[in-house]
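Trainee: I would like to go through the terms used for this model. Can we set each value against its definition?

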Amino acid sequence: MPVIFDSNGRLYSTLTYNKEADFEKTVVELADQIFGPNTIYIDIKKRVSGNDLVTIPDGYLIDMTVPDTPKLFIIENEIVSHDPFKHIGVQLLKFAISFEDAQKNIRNFLMEEIEKKPEHLKRIQEGQSAGKSKNIDRYLDQAVYGGFRAIVLIDEAREELHKVLEKIHANISVLELKTFQTDSGKLLHQFDTLYDEYEETLPKDKPDSHSRSVEERAKRKERRANSDTIIVPAQEEGFNDVFLGENQWYAVKIGAAMKERIKYIAAYQVAPISAVTHIAEIQEIRPYKDTGKYLIVFKKPAEKIKKIPNKNPKYAPQNVVYVKRDVLIKVKYLDEALGR
């Protein structure tokens with residue numbers, strides 16, 4: 001069992017959630033940190049009927065990070081002690097099957113819940129205004145009457161869960177939320193986010209690095225949300241054998257909100273080349289084995305482009321980064337496409 005020591009010498013041990021209700025309370029408390037401030041998390045358990053099935057999701061998320069394309073996610077909060085097939089898999093399969101038939105009902109009770117809470121109403125009005133929709137009714141319709149999307153929040157995502165979700169063949173993502181606790185009850189949380197905006201490596205060589213990192217995370221989220229291209233760092237062997245040789249790339253971690261947005265994949269060849277050199281259009285993104293990561297299949301072999309190096313070597317991608325294709329192919333340095 002992992003433990004954490006902080007700078008004050010406090011020891012944190014893993015907190016095991018024995019009740020789903022306790023885990024759900026943590027999700028509600030951290031909703032803005034997990035999903036972002038331009039979202040509305042509606043914590044409501046309401047029976048939804050469709051195709052002769054009755055389901056009760058744990059919550060609903062309206063993502064307005066890109067204001068003109070709001071999206072709805074069904075939220076299922078789970079703890080690792082629940083059976084991944086009987087409890088989680090069956091529930092999510094019911095959601096996916098009944099969703100289209102239940103959209104009108106979902107849209108109506110979501111509006112009722114939004115109107116009850118001033119903060120929710122304010123957020124959707126801001127999203128509607130920024131998205132230039134006629135009114136909030138039209139805006140909510142735009143979010144709800146899209147394809148089925150779901151997110152499982154769980155305290156530990158195991159291989160068995162990914163195996164079950166892969167078989168459902170629906171747009172379902174998994175976010176982990178782990179909690180650690182001291183003997184005195186002080187809590188520390190570790191979690192995935194909707195856009196994975198914490199993943200990119202930033203240099204911390206200035207005194208104001210903390211405040212800068214908060215601002216830069218917000219900028220990264222905005223850039224990611226508006227991006228259509230994922231850049232993956234690639235070693236020489238993998239680049240030649242897989243990216244060029246197989247016209248695909250695998251074991252890629254992709255944020256829950258990004259799977260539908262990316263249309264291209266670019267390769268950043270690591271040192272000594274240290275540059276983006278090739279780009280390909282994406283044909284398909286599908287789960288990679290039982291890892292919770294993804295396989296990206298190309299439409300055709302990757303196209304060689306002019307080398308796009310880093311101007312600042314401290315910013316060499318260690319994880320995936322997201323950019324706009326049209327911006328990427330025009331810049332001299334990768335830093336420029338990343339807004340640095």
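Mentor: We take a helix pair and then a pocket. This is a predicted model, where local features need pLDDT of at least 70, side-chain atom pairs count only at pLDDT 80 or more, and totals for chains, interfaces and linings use all residues. Residues are numbered from 1 along each chain as its sequence is written, and side-chain values use heavy atoms, with hydrogens and water left out.

Trainee: Why is H3 called oblique to H5?

Mentor: The axes of H3 (residues 84–116) and H5 (residues 136–144) come within 10 Å and cross at roughly 140°. Angles under 35 degrees count as roughly parallel, over 145 as roughly antiparallel, 65 to 115 as roughly perpendicular and the rest as oblique. Therefore H3 is oblique to H5. The crossing is right-handed.

Trainee: What makes the contact between H3 and H5?

Mentor: Contact means heavy atoms within 4.5 Å. H3 gives Phe99, Gln103, Arg107, Leu110, Met111 and Ile114, and H5 gives Ile136, Asp137, Leu140, Asp141 and Val144. Seven of these contact residues are nonpolar, one is polar and three are charged. Ala, Val, Leu, Ile, Met, Phe, Trp, Tyr, Cys and Pro count as nonpolar, Asp, Glu, Lys and Arg as charged, and the others, Gly among them, as polar.

Trainee: What lines the largest pocket?

Mentor: There are 34 lining residues, and His162, Val174, Gly292, Lys293 and Tyr294 lie nearest the centre. Lining residues have an atom within 4 Å of a pocket point. Strand S9 gives the largest share, six residues. The lining divides into 13 nonpolar, nine polar and 12 charged residues.

Note on methods
Axes are lines fitted to C-alpha atoms, for helices over the stretch in contact, and angles run from 0 to 180 degrees between N-to-C directions. Helices (H or I, at least four residues) and strands (E, at least two) are DSSP runs, numbered from the N terminus. A crossing is left-handed if the near helix is turned anticlockwise from the far one by less than a right angle, and right-handed if clockwise. On a 1 Å grid over the protein atoms alone, a cavity is a set of points where a 1.4 Å probe fits but cannot get out, and a pocket is an open set with protein on both sides within 12 Å along at least five of seven lines; lining residues have an atom within 4 Å of a point.
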